[in-house]
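We will go stop by stop.

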Amino acid sequence: MESLSNKKKQLEVKPLNFWERAYLPAIAKGLSITMSHFFKKPVTIKYPEEKREFSENFRGMHSLKRDEQGRERCTACGLCALSCPAEAITMQAAERQKGEENLYREEKYAAVYEINMLRCIFCGLCEEACPKEAIYLDGDIVPSDYLRKDFIYGKDKLVEAPLNQ
Amino acid sequence: MELIDLLIKIALIVVIFAISLVVAMYSTYAERKIAAFFQDRVGPNRAGPWGILQPLADGGKMFLKEEIIPTNATGFLFIVGPSLAILTACIGSAVIPWGQNLEIGGRVIPLQVTDINVGILYIFGVVSLGVYGIMIGGWASNNKYSLLGAIRAASQNISYEISMGLSIIALLMVTGTLSLGEIAKQQHGFWADGYFSWNVFKQPLGFLLFIVCAFAETNRSPFDLPECETELVGGYHTEYSSMKLGFYLFAEYINMFISSAVMATLYFGGYNFPFMDLIHSPNLVAILGVVALFAKIFLFIFFFMWVRWTIPRFRYDQLMDLGWKTLIPLAIANIVLTGIFMTIFK
């Protein structure tokens with residue numbers, strides 16, 4: 001029967017000729033191939049000293065953003081926590097007191113904001129959910145650590161550094 | 001023998017011993033570096049500049065590891081195995097001529113520990129003893145894999161020693177002597193009496209057979225069946241740990257160094273180099289000769305590593321096939337051809 005794709009190719013097994021059985025020409029060919037690799041530039045990136053550039057849409061560690069006046073943008077609405085498929089985000093809201101207008105942009109802010117980096121799957125849904133443009137996954141790779149509790153990142157690690165300081 | 005001669009000999013022995021250990025040490029480093037280059041990597045580069053201190057770190061690690069002797073192992077033989085392996089690896093260097101005689105203050109200093117007139121037989125004896133280290137170690141471990149590795153090593157060495165010996169016989173017909181010093185002397189310069197003076201040009205097939213057998217004798221890939229990881233865990237050194245394992249691995253590298261030196265001496269002119277007659281100071285020629293010999297040795301070691309990172313391992317039946325059905329008939333044919341050529345052209 002003719003095959004539908006018409007790509008079928010009948011192969012035949014030929015007995016090895018003398019030079020193929022002698023094995024040495026094949027070895028010489030193999031040696032020349034490895035030798036051509038000997039002079040190639042290594043592809044290794046020596047990691048701690050050299051870093052490969054991330055792609056533009058790389059999602060790394062989260063950062064909580066500040067606005068132009070250096071106030072925290074987050075208003076503790078909880079949409080990020082709600083959208084998080086891994087349930088990695090938790091927060092406690094607090095009311096802004098008088099005199100704190102230079103610290104927090106909205107009347108309500110996150111007093112505690114924690115992300116468990118062991119749970120996080122870096123999907124970026126929190127980023128999409130945020131109505132205040134307060135959270136972005138624009139950081140580096142999350143560093144390794146020894147204890148699980150040290151992977152729960154609080155505001156001290158997440159909030160962007162204040163402006164002009 | 002005068003005292004000063006004795007001291008010179010002892011100094012020479014110590015120097016050669018130290019050199020073979022250092023070369024073996026840095027062969028491990030070179031192996032890893034070369035493997036890396038063949039695979040587009042950079043290799044060890046953390047210990048010192050370019051990882052140059054890596055062998056020291058490896059050695060330190062080996063010494064500090066826990067030493068395990070399995071309960072059911074034969075305690076005494078378990079220790080004898082690696083000791084024998086390293087011992088036989090080291091004594092092979094005694095008959096290799098490292099260079100021409102030096103002359104210092106009217107005193108002639110031969111750069112060869114001893115020029116016995118059966119040098120090649122001595123080398124063969126030492127090489128055959130080398131397999132005992134592996135066999136005893138594999139047997140004493142009381143482990144199936146070790147035993148299989150040991151059996152493989154034994155039968156492989158026996159098979160390949162035959163064709164190695166036969167390929168040497170053809171060489172001996174050309175040189176007419178068993179002394180390594182004499183063989184090196186005969187290959188003076190590079191060109192003599194209208195032909196190349198190095199034995200490789202007189203015995204190309206013999207050299208090919210010899211180098212294949214040398215790979216098998218040193219248990220190097222593609223004939224590294226005694227320790228093939230994919231089938232036998234670690235082969236004969238499965239149960240070994242700490243510096244006893246280190247000795248086995250080290251012995252392999254020393255063996256590689258010695259067999260490279262033997263190949264360079266027998267076939268590639270030893271310490272001779274082209275245009276050596278143009279230099280008139282004999283001491284300078286001697287020193288340059290040592291450099292030339294070491295350059296040849298390092299080229300051979302590089303070749304060993306090059307092949308290791310190119311060719312896959314033979315299957316065991318293929319290994320035996322190659323040894324018995326190809327190399328031995330070829331070696332015998334080589335002897336006959338050599339005889340015919342010698343009767344025609346002399």
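How far apart are the end C-alpha atoms of residues 119–141 of chain B, and what share of the chain there is helix or strand? Select that span: the ends are 34 Å apart, and the chain is 96% helix and 0% strand. Helices (H or I, at least four residues) and strands (E, at least two) are DSSP runs, numbered from the N terminus.

Before moving on, note that this is a predicted model: local features need pLDDT of at least 70, side-chain atom pairs count only at pLDDT 80 or more, and totals for chains, interfaces and linings use all residues. Residues are numbered from 1 along each chain as its sequence is written, while chains are lettered from A and ligands numbered from 1 in the order in which they are written.

**Chain B: the annotated spans.** An unreviewed UniProt entry lists residues 119–141 of chain B as a "transmembrane region", with other spans including 75–99. Such annotations may be inferred rather than shown by experiment. Select 75–99 of chain B next: this span is 68% helix and 4% strand, and its end C-alpha atoms lie 43 Å apart.

**Chain B: H4 and H5.** Select residues 119–140 for H4(B) and 144–175 for H5(B). They pack at about 170 degrees, with axes 7 Å apart. Axes are lines fitted to C-alpha atoms, for helices over the stretch in contact, and angles run from 0 to 180 degrees between N-to-C directions. The two helices are therefore roughly antiparallel (angles over 145 degrees). Show Phe124(B) and Trp139(B), among the H4(B) residues in the contact, and Ala153(B) and Glu161(B), among those of H5(B). Contact means C-beta atoms, placed from the backbone, within 7 Å. The contact residues divide into 11 nonpolar, 6 polar and 1 charged. Ala, Val, Leu, Ile, Met, Phe, Trp, Tyr, Cys and Pro count as nonpolar, Asp, Glu, Lys and Arg as charged, and the others, Gly among them, as polar.

**Chain B: H8 and H12.** Now take residues 204–217 for H8(B) and 316–345 for H12(B). Their axes come within 10 Å and cross at roughly 150 degrees, which makes H8(B) roughly antiparallel to H12(B). Leu209(B) and Cys213(B) are among the H8(B) residues that meet H12(B), where Leu330(B) and Asn334(B) are among the partners.

**Where the chains meet.** Show both chains: 10 residues of chain B are in contact with 10 of chain A. The chain B side has 6 nonpolar, 2 polar and 2 charged residues.

**Chain A.** Finish by selecting chain A, with its 5 helices and 5 strands. Its C-alpha trace spans about 95 × 50 × 35 Å along its principal axes.

Key: Parallel < 35°, antiparallel > 145°, perpendicular 65-115°, else oblique. Contact = placed C-beta atoms within 7 Å.
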